[in-house]
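Student: I'm new to this structure and would like to learn how to read it. Could you walk me through a few features?

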Amino acid sequence: MRKRRFEIVAVGAVLALAATACGSSGGGSNPAQPDRSDLELVIGSVWPEGDPESTSVSPVMASINLAVQDIRAAGGIVQLLRGDYGTDPDAAAEAVNRLLGEGVHAILGAGSSQASQSFIQTLYDAQIPQCAASNTSPSFSTQENAAFFFRTVPPDEAVSPIVATLVAADGATHVAIPARDDDWGNALSNLLVESLGELGVSAEIISYDPNATSFDPIVAAVQSTGADAVVFVTFSEGAEIIRGLLEAGLPATAMYGTDGIYDHNLAEVVSPSSPEVLNGFLMVAAGGNPTFNGRITGLTDGNVVWGGQAYDCVVVLMLAALAADSTSGPAIIAEVPGVTKGGQQCFSYRSCSLLVLDGVDIDYVGASGTLELDEVGDPTIGRYFVAELNYGVLTVIASHDVDLAELG
């Protein structure tokens with residue numbers, strides 16, 4: 001079994017923007033000797049591109065495209081095939097089967113932990129590496145069929161203390177947590193209850209079917225708890241719950257969102273005519289460093305969530321293939337942890353690939369920051385930002401690095 005335990009070593013250090021830039025992380029424009037390898041890697045992207053309510057589509061696809069562009073500009077040979085599963089996570093498995101039939105060497109995605117669980121056994125059987133940019137369910141860290149799975153976003157053990165600390169610092173005493181009844185929603189909501197409890201804050205979970213036709217019962221259930229704060233473990237459907245709670249009199253300053261609902265346009269979605277009703281709403285999400293976020297902001301609808309992580313998936317897969325000098329799945333996955341830790345630091349595909357081809361052990365510091373992947377493919381360093389809505393404008397007000405030290 002793949003077994004993990006975590007220890008939060010540091011939470012809450014506000015990062016200086018200059019410190020996160022550190023070279024040209026996530027860049028690829030500096031002139032240098034081109035990649036001398038003729039190895040060609042074919043990556044299949046599995047994402048809900050056809051879901052108009054998915055706030056991750058724009059930043060993730062822009063970041064994947066940038067990574068491919070940067071690798072090619074540096075002389076690398078990479079091909080990207082797309083597997084769009086629209087609004088149905090169960091269709092992700094069909095997209096994966098099609099991509100495998102087209103000869104992909106690796107899979108990037110899916111958009112949700114639930115979708116990835118639908119095909120992880122297939123990839124295990126086929127020995128095809130999978131990199132997830134947004135799958136935070138702790139389940140992947142321990143399940144046997146995740147041997148070919150790794151991710152560039154930490155599991156939810158990393159973010160739950162950040163959210164809990166924010167809520168407790170604002171004076172909440174009893175928290176309601178409307179949460180999707182799926183792998184991610186169940187895991188994160190239970191971790192939040194634990195983290196809040198450690199801070200002396202009671203909490204209860206209101207689990208719901210994300211495919212429900214009406215969320216009025218969820219609004220009523222939250223009200224019945226008498227909670228003085230609400231943390232949303234939702235995707236885009238959470239906007240309806242927020243709208244109902246606002247109408248019931250709960251102020252936005254008592255509401256907190258996790259990365260599933262992180263949306264630059266959330267205030268407009270909730271109340272197009274009065275975006276100020278969400279003034280003070282806080283959201284916590286995994287993100288890239290400011291330099292990289294600046295690159296993709298002009299290419300997206302303003303959202304940056306999971307963009308840096310998606311970029312890093314592409315680069316790590318390509319660097320691992322170079323280090324292995326192979327497109328074989330077992331060879332690639334064996335090299336994945338090593339290219340993110342313990343060697344000479346490098347900050348772009350161009351600089352890292354040249355070192356790899358010269359036989360140098362590297363430590364890729366990516367668009368999402370330091371990765372330091374462990375033996376089960378989880379980052380041991382996570383970067384998160386806190387953003388606040390005011391008059392429809394979402395502003396990052398703090399950044400946090402979390403170091404998850406392995407205890408054994």
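Student: Are Glu-237 and Arg-180 buried or exposed?

Tutor: Both Glu-237 and Arg-180 are buried. Buried means under 20% relative accessible area, exposed means over 50%, and partly exposed is in between, using a 1.4 Å probe and protein chains only. Arg-180, for one, has a relative accessible area of 9%. Keep in mind that this is a predicted model, where local features need pLDDT of at least 70 and side-chain atom pairs count only at pLDDT 80 or more, while totals for chains, interfaces and linings use all residues. Residues are numbered from 1 along each chain as its sequence is written, and side-chain values use heavy atoms, with hydrogens and water left out.

Student: What does Glu-237 form with Arg-180?

Tutor: Here's the general idea: side chains of opposite charge can pair when their charged atoms come close. In this case, Glu-237 and Arg-180 form a salt bridge, with the closest N and O atoms 3.0 Å apart. The term calls for a side-chain nitrogen of Lys or Arg within 4 Å of a carboxyl oxygen of Asp or Glu. Glu-237 sits in the loop between strand E9 (229–232) and helix H9 (238–247), and Arg-180 in strand E7 (residues 174–180), so the pair ties together parts that are 57 residues apart in sequence. Helices (H or I, at least four residues) and strands (E, at least two) are DSSP runs, numbered from the N terminus.

Student: How many salt bridges does a search of the whole structure find?

Tutor: Seven. One of them pairs Arg-82 with Glu-49, at 3.6 Å between the closest N and O atoms. Arg-82 is partly exposed at 35% relative accessibility, and Glu-49 is partly exposed at 27%.

Student: Now the helices. At what angle do the axes of H6 and H7 cross?

Tutor: Two packed helices are described by the angle between their axes and the distance between the axes. For helix H6 (residues 160–169) and helix H7 (residues 183–198), the axes come within 9 Å and cross at roughly 50°. That makes H6 oblique to H7. Angles under 35 degrees count as roughly parallel, over 145 as roughly antiparallel, 65 to 115 as roughly perpendicular and the rest as oblique.

Student: Which residues of H6 meet H7?

Tutor: Ser-160, Pro-161, Val-163, Ala-164 and Val-167. Contact means heavy atoms within 4.5 Å.

Terms used. Axes are lines fitted to C-alpha atoms, for helices over the stretch in contact, and angles run from 0 to 180 degrees between N-to-C directions.
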